[in-house]
Amino acid sequence: MTAIQDKVVLITGASSGIGEATARLLARRGAHVVLGARRTDRLAALAAEIRAIGGSASFQRLDVTLRPEMEAFAELALERHDRIDALVNAAGVMPRSPLWMRKIEEWELMIDVNLRGVLLGIAAVLPTMQEQGWGHIVNLAPVSVTGVTAESAVYHGTQYAVDAISEGLRQEHAGRVRVSVLHPELAPADAVARSIVGAIEGGYYAAHPVPALLRSPGGRSDSAPEEPADYAF
């Protein structure tokens, strides 16, 4: 039996990329995965694949920018399993353009998905975790916390905000709810999934030599990787 066995883990952005890879790996380790994304056809196929190998998976359509849908996603986990052990916020978008092009709709999308989605995920699961006295929230902020690249200023801004929110949450709930932030660089989704699973297991697994940062309670950090940041949910 692994440390993942029978844990109830919610995953946003589970229809592709990092979220999909994480769901597969967690299920193979014995977790009950609850999958959320907008593309329910892909979620259904993934859940069927997991069940076919003896895993446990349920799914629900989820737009992370909508509070009622995020709350319903958490409720699904409670209805099926009576608890929530972990949330992996893996939904994100990364349209690129210089600021002078004024692609305001794209800015709003990044703010809504990358930042608002993380906040709504935290809000949906935190009351349950507080009542239980335990839980783990894993946030992905794919870029490093230093530097900005051309044509991605708004995207970087959302990622810096996720890092700040995660640190504040960690300080508020130290000793009760664990908070991990994965700052990966370019690397395969499967490698990032291994890092996420390692964090949930309680270890800090350096899955790939590409530098990145995994931060968690106590300030510990280790190398961990990821695929390109424009993974869509």
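Residues are numbered from 1 along each chain as its sequence is written, and side-chain values use heavy atoms, with hydrogens and water left out. Because the model is predicted, local features need pLDDT of at least 70 and side-chain atom pairs count only at pLDDT 80 or more, while totals for chains, interfaces and linings use all residues.

**Exercise 1.** Work out how helix 4 and helix 5 are oriented to each other, and which classes of residue make up their contact.

Solution. Start with the elements, which are DSSP runs numbered from the N terminus (helices are H or I with at least four residues, strands are E with at least two). Helix 4 covers residues 104-132 and helix 5 covers residues 153-172, and they pack at an angle of about 15° with their axes 8 Å apart. The axes are lines fitted to C-alpha atoms, for helices over the stretch in contact, and angles run from 0 to 180 degrees between N-to-C directions. Angles under 35 degrees count as roughly parallel, over 145 as roughly antiparallel, 65 to 115 as roughly perpendicular and the rest as oblique, and helix 4 and helix 5 are therefore roughly parallel to each other. The contact (heavy atoms within 4.5 Å) includes Trp-107, Met-110 and Ile-111 of helix 4 and Val-154, Tyr-155 and Thr-158 of helix 5. Sorted by class, the contact of helix 4 with helix 5 has 14 nonpolar, 3 polar and no charged residues, where Ala, Val, Leu, Ile, Met, Phe, Trp, Tyr, Cys and Pro count as nonpolar, Asp, Glu, Lys and Arg as charged, and the others, Gly among them, as polar.

**Exercise 2.** Find how helix 1 is oriented to helix 2 and to helix 6.

Solution. Helix 1 (residues 17-28) packs on helix 2 (residues 40-52) at an angle of about 20°, with the axes 10 Å apart, and the two are therefore roughly parallel to each other. Glu-20, Ala-23, Arg-24 and Ala-27 of helix 1 make this contact with Arg-42, Leu-46, Glu-49 and Ile-50 of helix 2, which gives 4 nonpolar, no polar and 4 charged residues. With helix 6 (residues 189-201), helix 1 packs at an angle of about 55°, the axes being 8 Å apart, and helix 1 and helix 6 are therefore oblique to each other. Among the residues that meet here are Leu-25 and Leu-26 in helix 1 and Val-197 and Ile-200 in helix 6, and the contact of helix 1 with helix 6 holds 10 nonpolar, 2 polar and 2 charged residues.

**Exercise 3.** Which element gives the most to the lining of the second largest cavity?

Solution. The lining of the second largest cavity includes Trp-107, Met-110, Ala-153, Val-154 and Tyr-155. Helix 4 and helix 5 are the elements that give two or more residues to this lining, and helix 5 gives the most, with 3 residues. By class, the lining divides into 7 nonpolar, 2 polar and 2 charged residues. A cavity is, on a 1 Å grid over the protein atoms alone, a set of points where a 1.4 Å probe fits but cannot get out, and lining residues have an atom within 4 Å of a point.

Conventions:
1 Å grid on protein atoms, 1.4 Å probe; cavity = no way out; pocket = protein on both sides within 12 Å on 5 of 7 lines; lining within 4 Å.
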